[in-house]
Amino acid sequence: MEPSPASGHRLRRRHTRPLLGGALAVLAAGALTATGLVGNAQAADINVAKNAGFESGLANWACSGGSGTIVSSPVHGGTAALKATPGGQDNAQCAQTVAVRPDSTYTLSSWVQGGYAYLGASGTGTTDVSAWSPGSTNWSRLTTSFRTGPNTTSVTVYTHGWYGQAAYLVDDVSVSGPDGGGTDPEPGVPAAPAGLAVGATTTSSVALSWNAVSGASGYTVYKDGTKATTSTGTSATVTGLAADTAYQFAVTATNAAGESVKSATVSGRTAKDGGGNPHPGTSVPKHAVTGYWQNFNNGATVQKLGDVPANYDIIAVSFADATTTPGAVTFNLDTAGLNGYTVDQFKADIKAKQAAGKNVIISVGGEKGSVSVNSDASAANFADSVYSLIQEYGFNGVDIDLENGLNSTYMTKALHSLSQKAGSGLVITMAPQTIDMQSTSGEYFKTALGIKDILTVVNTQYYNSGSMLGCDGKVYSQGSVDFLTALACIQLEGGLDPSQVGLGVPASASGAGGGYVSPSVVNAALDCLASGTNCGTFKPSKTYPGLRGAMTWSTNWDAKSGNAWSNAVAPHVHGLP
């Protein structure tokens, strides 16, 4: 049922995600089948996956950390199946790159058994997809579908389990659809590495990591188009760099047959000389409170920006509007809905907030904020248009709150481009839905990791979610301290710095369709994560004193309740260790 504007998370949000058995979280593995539906298909579809039944062992498959083995029982078909065993820090991913035809629709499917299993396709050129199973004692079939982009000739299909959980089995993988050519474009030459990400930075170095490539014997890292270093593994640190400087990095895979094309580039900025923070948002305090300000009237208290209490360190103006130009956004102040609030008054209030040490950013998204960044052109349009808004209104940065799909490749490019335009003081926040941050293979999570060098904080929405899996593999229901802590643990252990993790909650029961918790529960969750006290049944294996803080939807719903949320939570956040 569609919630009313007053009861939904935001006026322009829709929360009708199905709850699968009460737990959407742990992802499944599978036999990869893709059935192509091309507009003028004349030839029969084929299975373009190689060694799909694992009858030739692990040929054509690459499994992380040596996690994959071949077993003769149980099998779904033939005489062999894949068995992969996750570890505490490894989800046992096995993958291969298959040749596909551009602008074609495929259907993935596979048979799985055992522990949690996840099946997906990446590099589709459109929207990457996945399917999952919570585990079963008998063979069960996973299926999903994707469409390739206009220039896509290869796609990576993969399966993995869940950290520290039971082994899973996969058999009869099929990527069935239009023949993509039968052979890779350059037989023997490895594919370009995927997943290039920036890690720790110093004043003179940037750490990089990427996904393993099947058949590669080594990797070459490029800085600004020039060879910088080589590695036999999936990580490297580029040294000898200038302080507080942005660099473009790419990586290739090599073997005896030659060198792959370069990966997608990522931008990394070194730390400021003298120990400065390399991340943007240098005016954001160590522990910060974020609040969304509504540029519309949905029954909550109508506010001018100047009415927002000083308890809030980051104020996200909701929302920017899409334009007819792909990827581009604009902002239209709702003067009529805000009781005659003018643009000049709005700009003056932004300056006043900034003079008081606050950050005002523009939020892109909401339920109707269907901004699509899925190409180089739309990524450039996004960066240019947001930068234009920053120049016009004086915003400190941008919040990514897209609920209608996200392409990590191009959003990462867009945000790095924006960072280069705006400089190191740019504040970048994200507000993904809970399901978006359950796995590092999700598009939101990949985006967060892809911009880790410039990311301020991810405030996941821990509401309107039903039940989800925590980092310990157990199911937790929304509206509890355990839900907040066990799910935040996924981001804290999944590659984000504690300073880049915040708890997103509604300011009142009217601010969301479900999942509201009292301020005392929010404070208990903060204590549990930061210092290991006031936990529920879940207690993290370590503490995260650098935890950034908390976020709420919205400052308007908070005002409707007499600012009860911010008056209770903000002092607690600011008093964290």
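Me: What makes a contact a salt bridge in this predicted model?
Reply: A salt bridge needs a side-chain nitrogen of Lys or Arg within 4 Å of a carboxyl oxygen of Asp or Glu. Aspartate 384 and lysine 421 have their closest N and O atoms 2.9 Å apart. That value is within 4 Å, so the pair counts as a salt bridge.

Me: Which parts of the chain does the pair of aspartate 384 and lysine 421 link?
Reply: Aspartate 384 sits in helix H2 and lysine 421 in helix H3. They are 37 residues apart, and the pair links distant parts of the chain.

Me: Why is aspartate 384 called partly exposed?
Reply: Its relative accessible area is 39%. Buried means under 20% and exposed means over 50%, with partly exposed in between. Aspartate 384 therefore counts as partly exposed. Lysine 421, at 35%, is also partly exposed.

Me: What makes aspartate 313 and lysine 358 a salt bridge?
Reply: Their closest N and O atoms are 3.8 Å apart. The cut-off is 4 Å, so the pair qualifies. Aspartate 313 lies in the loop between strands S20 and S21. Lysine 358 lies in the loop between helix H1 and strand S24, 45 residues apart from its partner.

Me: Are aspartate 313 and lysine 358 buried or exposed?
Reply: Aspartate 313 has 6% relative accessibility. Lysine 358 has a relative accessible area of 13%. Buried means under 20%, so aspartate 313 is buried and lysine 358 is buried.

Me: How do you know that aspartate 128 and lysine 446 form a salt bridge?
Reply: The N to O distance is 3.7 Å. The limit is 4 Å, so this pair passes. Aspartate 128 is in the loop between strands S7 and S8, lysine 446 in helix H4, 318 residues apart. Lysine 446 is partly exposed, at 26%.

Me: What span does helix H3 reach, and what is expected?
Reply: H3 covers residues 408-422, which is 15 residues. The expected span is 1.5 Å times one less than the number of residues. H3 reaches 21 Å from first to last C-alpha, close to the expected 21 Å.

Me: Which residues of H3 are buried, and what covers them?
Reply: Among the buried residues are Tyr410, Met411, Leu415 and Leu418. What covers the buried residues of H3 includes helices H2 and H4 and strands S19, S25 and S26.

Me: What is found at the two ends of H3?
Reply: At the start, a side-chain oxygen of asparagine 407 comes within 3.1 Å of the backbone nitrogen of threonine 409. Just after H3, glycine 423 has a positive phi of about 95 degrees.

Conventions
Residues numbered from 1 in each chain as written. Predicted model: local features only at pLDDT ≥ 70, side-chain atom pairs only at ≥ 80, totals over all residues. Heavy atoms only, no water. Helix = DSSP H or I, 4+ residues; strand = E, 2+ residues; numbered from the N terminus. Buried < 20%, exposed > 50% of the residue type's maximum accessible area, 1.4 Å probe, protein only. Contact = heavy atoms within 4.5 Å. Polar contact = N/O pair within 3.5 Å; in protein donor to acceptor, adjacent residues only side chain to side chain.
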